[in-house]
Amino acid sequence: MGANLGEARQTLETAAAELAATAGIQDLTLAHFYSTAPVDSSGPDYVNTVVRFTCTLAPENLLDRLQHIEQEHGRTRLYRNAPRTLDLDLLLYGQEQINTERLIVPHPRMHERAFVLAPLADLAPELELAQGSVKELLSTVQDQEIRRLP
């Protein structure tokens with residue numbers, strides 16, 4: 001989850017609550033919030049976090065819900081990596097590997113991004129991705145400035 005326009009942290013908290021209230025989603029846990037400069041983009045710093053939950057929705061239905069929440073918060077897709085009011089990415093779906101026109105899971109670039117790895121490590125420090133453990137991968141992106149928010 002990320003945002004860099006408007007009241008970013010409040011938007012993320014509201015989006016997490018909306019996701020938690022979705023039929024088929026249970027036990028949602030929110031990681032710490034982090035601030036980072038935009039990656040391959042411009043604009044204000046982002047606020048990012050990760051959520052973990054149990055889900056009975058099919059992956060594409062979950063993606064539909066995520067995109068609906070984004071739209072409710074004014075998300076527009078003017079160009080790739082444009083500043084945004086809300087960005088909700090599906091990073092993992094259990095152990096499944098999905099590669100469709102609409103959805104690639106695991107997220108293909110999450111192992112390269114401190115703003116994903118740091119909150120992911122909050123929730124699942126022992127998680128193993130194809131590229132290595134979350135802790136190991138986090139050590140490879142130390143050049144990406146990231147700040148944990150209070």
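Visitor: At what angle do helix 1 and helix 2 pack?

Guide: The model is predicted, and every value here is computed from it. The residues that meet are A15, E18 and L19 in helix 1 and L62, R65, L66, I69 and E72 in helix 2. The axes of helix 1 and helix 2 lie 11 Å apart, and the packing angle is about 140°.

Visitor: Is helix 1 oblique or roughly antiparallel to helix 2?

Guide: Roughly antiparallel applies to angles over 145 degrees. The angle between helix 1 and helix 2 is about 140°. The relation of helix 1 to helix 2 is therefore oblique.

Visitor: Is the crossing of helix 1 and helix 2 left-handed or right-handed?

Guide: The angle of about 140° concerns helix 1 and helix 2. The crossing of these helices has its own hand, which is right-handed.

Visitor: Which residues does L12 touch, not counting residues up to four places away in sequence?

Guide: L12 is among the residues with the most contacts inside the largest core. Leaving out residues up to four places away in sequence, L12 touches M1, G2, A3, F33, V47, N48, T49 and L86.

Visitor: How many residues are in the other core?

Guide: Another nonpolar core lies apart from the largest one. Its members include V50, A114, L137 and V141, and its total is 15 residues.

Visitor: How many of the residues of helix 3 are buried?

Guide: Helix 3 spans 114–123. Its buried residues are A114, F115, V116, L117, A118, P119, L120, A121 and L123. Helix 3 is thus mostly covered, the buried count being nine of its ten residues.

Visitor: Is H111 buried or exposed?

Guide: H111 sits in the loop between strand 7 (104–105) and helix 3. Buried requires under 20% relative accessible area. Because the relative accessibility of H111 is 16%, H111 counts as buried.

Visitor: With which side chain does the side chain of H111 make a polar contact?

Guide: Beyond four places in sequence, H111 touches L117, Q131, L137 and V141. The polar contact made by the side chain of H111 has a distance of 3.4 Å, and its partner is the side chain of Q131.

Visitor: Which residues does a cis peptide bond join?

Guide: Most peptide bonds are trans. P106, in the loop between strand 7 and helix 3, takes part in a bond with omega of about 0°. This cis peptide bond joins V105 and P106.

Visitor: What is the phi of D27?

Guide: D27 lies in strand 2 (residues 25–30), and its relative accessibility of 62% makes it exposed. Most residues other than glycine have a negative phi. D27 has a positive value, near 55°.

Visitor: What distance separates the C-alpha atoms of F53 and E136?

Guide: F53 belongs to strand 5 (residues 51–55) and, at 23% relative accessibility, counts as partly exposed. Beyond four places in sequence, F53 touches L19, I25, Q26, D27, L28 and L62. F53 and E136 are 83 residues apart along the chain, and their C-alpha atoms are separated by 24 Å.

Conventions: Residues are numbered from 1 along each chain as its sequence is written. This is a predicted model: local features need pLDDT of at least 70, side-chain atom pairs count only at pLDDT 80 or more; totals for chains, interfaces and linings use all residues. Side-chain values use heavy atoms; hydrogens and water are left out. A nonpolar core is a set of buried Ala, Val, Leu, Ile, Met, Phe, Trp, Tyr and Cys residues joined through side-chain atoms within 4.5 Å. Buried means under 20% relative accessible area, exposed over 50%, partly exposed in between (1.4 Å probe, protein chains only). Contact means heavy atoms within 4.5 Å. Helices (H or I, at least four residues) and strands (E, at least two) are DSSP runs, numbered from the N terminus. A polar contact is a pair of N or O atoms within 3.5 Å; within protein, one must be able to donate a hydrogen and the other to accept it, and residues adjacent in sequence count only if both atoms are side-chain atoms. Axes are lines fitted to C-alpha atoms, for helices over the stretch in contact, and angles run from 0 to 180 degrees between N-to-C directions. Angles under 35 degrees count as roughly parallel, over 145 as roughly antiparallel, 65 to 115 as roughly perpendicular and the rest as oblique. A crossing is left-handed if the near helix is turned anticlockwise from the far one by less than a right angle, and right-handed if clockwise.
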